[in-house]
Amino acid sequence: MSAPNSSPEQPSKAVRVLRVTVAIVMATLILVGVGAVTFMHAFGPRDGESIAHARVDMAARELQRRVNQPGPGVDAQTLAAAEFIGTVGGADVHAYSWRGSTSDPDGARIDVRLRVSVQPQPSRELFQPGVAAGSATECFRFHVRQGRSSYRPIECPASIPSSTPTLPASAAPSPSATPLPIPSATP
């Protein structure tokens, strides 16, 4: 009778080579996958929605900066007509509700819709990301008091009135005077 073999059986050389080869192939596939995802994230198209929301936020900050130091007794309609129309920082600005004045304890309140559309832009250079299309529409309530202003996001109403604020006749800018020519010193 022979004694049992106490050493574990060694796998054949071909099995060991096969295991090492499979491990190398799997590690390579994982590294290539991670590299591809990283490359696409870094150099793929940028998100147009994120860009649009960032532009809306930038426009709201710019509007607040514009009306930060209003004079006393300026009514909300005048502020809305003078500062909250047109385009600011790439955003279309539409004041749709206003009330009060800067002298009121609560200040002048102006509700504004800011809208930004980002057009798609293909990549024009190697490794430069393009831009995907996107848009953002947000509404804000601006509180403008004598000496300071603030704003906060609000929910946009289902239907925004198409009214446009107008400057009252008393607030309309006066025509500028034509300067007189300066006399020349030579005869």
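Reply: Here is how some of the labels in this structure follow from their definitions.

Reply: Before we start, this is a predicted model, where local features need pLDDT of at least 70, side-chain atom pairs count only at pLDDT 80 or more, and totals for chains, interfaces and linings use all residues. Residues are numbered from 1 along each chain as its sequence is written, and side-chain values use heavy atoms, with hydrogens and water left out.

Me: What makes up the secondary structure of the protein chain?

Reply: You get three helices and five strands, in the order α-α-α-β-β-β-β-β from the N terminus. Helices (H or I, at least four residues) and strands (E, at least two) are DSSP runs, numbered from the N terminus.

Me: Which element has the lowest mean pLDDT, and which the highest?

Reply: pLDDT is the predictor's confidence in each residue, from 0 to 100. Helix 1 (residues 13-43) has the lowest mean, 80, and strand 3 (residues 108-118) the highest, 94. Over residues 172-187, pLDDT stays under 50. The average for the protein chain is 79.

Me: Why is Ser-149 called buried?

Reply: Buried means under 20% relative accessible area, exposed means over 50%, and partly exposed is in between (1.4 Å probe, protein chains only). Ser-149 has 9%, so it counts as buried. You'll find Ser-149 in strand 5 (residues 148-154).

Me: And what is Arg-99 called, with 40% relative accessibility?

Reply: Arg-99 sits at 40%, so the label is partly exposed. Arg-99 belongs to strand 2 (residues 91-99). Leaving aside neighbours within four places in sequence, Arg-99 is in contact with Ala-76, Gly-107, Ala-108 and Arg-109. Contact means heavy atoms within 4.5 Å.

Me: What joins the side chains of Ser-149 and Asn-68?

Reply: A polar contact of 3.5 Å. The rule asks for a pair of N or O atoms within 3.5 Å; within protein, one must be able to donate a hydrogen and the other to accept it, and residues adjacent in sequence count only if both atoms are side-chain atoms.

Me: Where do Arg-65 and Glu-62 lie?

Reply: Both are in helix 2 (residues 48-66), three residues apart, about one turn of the helix. An α-helix has 3.6 residues a turn, so residues three or four places apart point the same way. Glu-62 and Arg-66 are four residues apart in helix 2, so about one helical turn separates them too. Glu-62, Arg-65, Arg-66 and Glu-83 are linked in a network of salt bridges.

Me: Which residue does Arg-141 meet in a salt bridge?

Reply: The partner is Asp-111, at 2.6 Å, N to O. This pair links distant parts of the chain: Arg-141 is in strand 4 and Asp-111 in strand 3, 30 residues apart. Asp-111 has 5% relative accessibility, so Asp-111 counts as buried.

Me: What about Leu-18: buried or exposed?

Reply: Exposed, because its relative accessibility is 54%. Leu-18 is found in helix 1.

Terms used: A salt bridge is a side-chain nitrogen of Lys or Arg within 4 Å of a carboxyl oxygen of Asp or Glu.
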